[in-house]
Each structure stands twice: as structure tokens, then as C-alpha cells.
Amino acid sequence: MKAVIARKPGGPEVLQVVERPVPPLHAGEVLIRVAAAGVNRPDLMQRNGSPVPPGVTDVLGLEAAGMVVAVGADVDEFATGDRVMALLNGGYAEYCVAQAAHCLPVPAGLSLHDAAGVPEAAFAVWHNLFELGRLRSGDTALIHGAASGVGSFAVQCAHAAGARVIATAGGPQKVAMLQALGVWRAVDRHLEDFVDAVNDCTEGRGVDVVLDNVGGPYVARNLAAMAMGARHVSLSFLQGARIELDLQVLMRKNLSLTSSTLRPKSHAEKARLAVCIRSRFLPWLASGLVRPQVHAQLPLAQAADAHRLLEANANVGKVVLTVAE
């Protein structure tokens with residue numbers, strides 16, 4: 001099969017299409033003929049040389065969608081011919097294996113190319129926004145980087161759950177996309193201060209949940225925009241992992257700060273999250289209430305161009321690599 005690896009740590013130019021054996025199938029796994037694979041920032045980190053969990057393939061890609069072509073022992077929930085989208089390792093390839101417990105059925109009406117942009121976003125949004133952030137109907141959420149693949153998915157899921165969303169992004173094209181998704185207030189980070197926007201919208205009360213992928217100086221400003229008892233969840237730290245906090249603000253407003261990362265989670269924890277996503281998100285995807293926002297579909301051989309799009313922060317939604325129809 002054809003697959004994409006990084007021949008050495010470096011920029012997008014180190015990505016290379018190579019020939020590899022189709023991965024072996026073990027108990028509890030399914031073999032997927034990949035239609036498309038999602039491109040995510042952890043892929044860029046792996047390409048740059050960041051360590052990955054022991055035993056993980058050097059083929060890039062943390063999510064994919066396609067057709068099941070074989071099932072391992074002890075797999076009852078899927079059969080050959082099923083359309084699935086999965087959290088996995090090695091998605092930038094013509095074939096990949098996934099734990100059956102980490103797979104989700106693709107709803108009718110959702111193409112496999114679009115479905116490739118769902119798993120990472122769905123797992124991240126469910127765990128961070130709904131479990132750690134405890135988002136409820138009637139809450140107001142502040143979502144940063146909301147025009148990204150994960151951010152735009154979070155916006156739609158928050159709406160579907162009955163919450164109001166204040167969303168930030170950079171530039172008129174991204175703001176227009178957020179407005180089309182129906183956010184309560186879209187903030188262009190190049191032109192406006194989001195703390196002022198939050199205070200205006202909420203009449204000084206603040207937001208109940210913050211979903212932040214920026215880190216650095218944003219965190220202290222997020223605290224200023226949070227209501228009493230609000231929850232702050234960090235997804236990433238594009239402007240730095242080290243921050244300074246005024247603990248008096250945390251204590252006075254009874255705030256909580258938490259974070260998580262998906263890749264190191266155990267097999268059992270990912271399987272648990274998949275059960276929750278089946279119950280909560282799949283009906284929204286099946287009805288069209290939530291849809292992955294796909295910025296670009298590029299062929300597998302153009303993986304370097306896909307990485308350049310993400311590194312330039314030029315994507316409005318998800319970038320996927322297409323492998324087969």
C-alpha cells in the first residue's frame with residue numbers, strides 16, 4: 001500500500017509517499033480501506049520530531065474514514081462493507097487498522113471524505129467541552145480558534161446542546177464562517193478585544209465555559225471574561241505553555257482550570273468516549289444538525305501542502321487527505 005511518513009524531523013518537505021505492507025490485523029481490530037484521512041496539528045508535531053507513544057507506526061494520521069474490509073477475532077459490532085470513521089494511528093495510507101471500539105459508524109448522508117474530519121473533533125469536543133467543561137443547555141461558551149476543524153465542530157455541538165456561543169477567529173473569512181454557523185457573537189481577534197465583547201454580550205456577567213487552544217497570554221484574559229463558577233478547558237497552547245495567573249481571581253470567582261490531550265489516553269478510555277459520542281453526537285450528525293466544516297480535500301500525495309495550510313493557519317475548517325472514492 002501507499003503511505004505517508006516523515007523521512008526525518010523537519011518541515012512539510014520531509015513528508016514522503018512510500019510503499020508499506022498492509023498492516024496486520026489483530027483481535028479486536030478492523031482493517032479499513034481508507035477513503036480519506038483528517039489532518040491535525042499533532043501530525044505536524046510528529047513530523048517535527050515530537051515523541052509518540054511506544055509502538056506507534058511512523059505512518060502519520062490520527063483519524064480516517066473508509067470501508068471495513070476485514071475484521072479481527074472478537075469483533076461483533078462491525079462487518080466487512082461497513083462505513084466507519086475511526087480514531088487511530090497511521091491514517092495517511094491506503095489501508096489502516098483501528099480498534100473496533102474506537103470506530104464509529106458513518107451516518108447515511110455523510111460522505112466518507114467529510115467523515116474523515118469527524119473523529120478527532122468529536123472525541124476532543126465531547127471530552128473537553130461536555131465532560132471537563134460541563135457545558136449545559138442555557139450556558140454561554142467562549143470558543144477560541146473557532147474556525148478550525150475542532151473549533152467549528154465545537155460551535156455546532158454547543159448550539160445543538162442549547163448553549164450560546166461567543167467565538168473568536170482571525171480575519172473576515174473566518175468570522176463570516178462563524179456567523180454562518182449561527183454564533184451569538186463572532187469576534188475578529190485582529191480587530192477586537194474578546195474580553196470587551198464578552199462583557200458587552202453578557203452585560204458583565206461573563207461566560208460559563210472557555211474552550212481555549214491559544215494558551216500564553218490568553219489564559220489570564222480568559223479568566224477576566226469568565227462568570228462565577230465558570231470552567232476553563234485548555235486544548236492547546238499555540239502562544240505558549242507557560243502562563244502567569246492571579247490565584248485571587250480564581251478563588252474569588254470560584255473558577256476551575258483543566259485540560260487534556262487525546263493521544264496518550266488508554267484504549268479503555270477512548271472506547272468509553274466512543275460510546276458517549278455514539279449516543280450524543282451521531283444523532284446530530286445523522287440529522288445534519290452538526291456537520292464537519294471541510295476547508296480542503298487534497299490527494300494523499302499532497303500531504304505536504306495540507307501541512308502547510310495548517311501551519312499558515314489558513315484553513316477555515318478541516319483539511320483532509322483523499323485516498324479513494
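β6 gives the largest share of the lining of the second largest pocket, five residues. The model is predicted: local features need pLDDT of at least 70, side-chain atom pairs count only at pLDDT 80 or more, and totals for chains, interfaces and linings use all residues. Residues are numbered from 1 along each chain as its sequence is written, and side-chain values use heavy atoms, without hydrogens and water.

**Exercise 1.** Describe the second largest pocket.

Step 1. Its volume is about 640 Å³.
Step 2. Of its 31 lining residues, V56, T57, L88, N89 and V97 are the closest to the centre.
Step 3. β6 (95-99) and α9 (267-287) are the elements that give two or more residues to the lining. Helices (H or I, at least four residues) and strands (E, at least two) are DSSP runs, numbered from the N terminus.

**Exercise 2.** Find how α3 and α9 are oriented to each other.

Step 1. The axes of α3 (residues 119-132) and α9 come within 9 Å. They cross at roughly 90 degrees.
Step 2. Angles of 65 to 115 degrees count as roughly perpendicular, so α3 and α9 are roughly perpendicular to each other.
Step 3. Contact means heavy atoms within 4.5 Å. Among the residues that meet are F123 and W126 in α3, and L273 and W284 in α9.

**Exercise 3.** Trace the pairing of β4 with β3 and with β5.

Step 1. Two strands pair if DSSP finds at least two bridges between them.
Step 2. β3 (residues 29-38) and β4 (residues 63-71) run antiparallel, joined by seven bridges. I32 stands opposite V68 in β4.
Step 3. β4 also pairs with β5 (residues 83-87), antiparallel, over five bridges. Here A65 stands opposite M85 in β5.

Notes: 1 Å grid on protein atoms, 1.4 Å probe; cavity = no way out; pocket = protein on both sides within 12 Å on 5 of 7 lines; lining within 4 Å. Points joined across faces, edges and corners; volume = space filled by probe spheres on them. Axes fitted to C-alpha atoms, helices over the stretch in contact; angles between N-to-C directions. Parallel < 35°, antiparallel > 145°, perpendicular 65-115°, else oblique.
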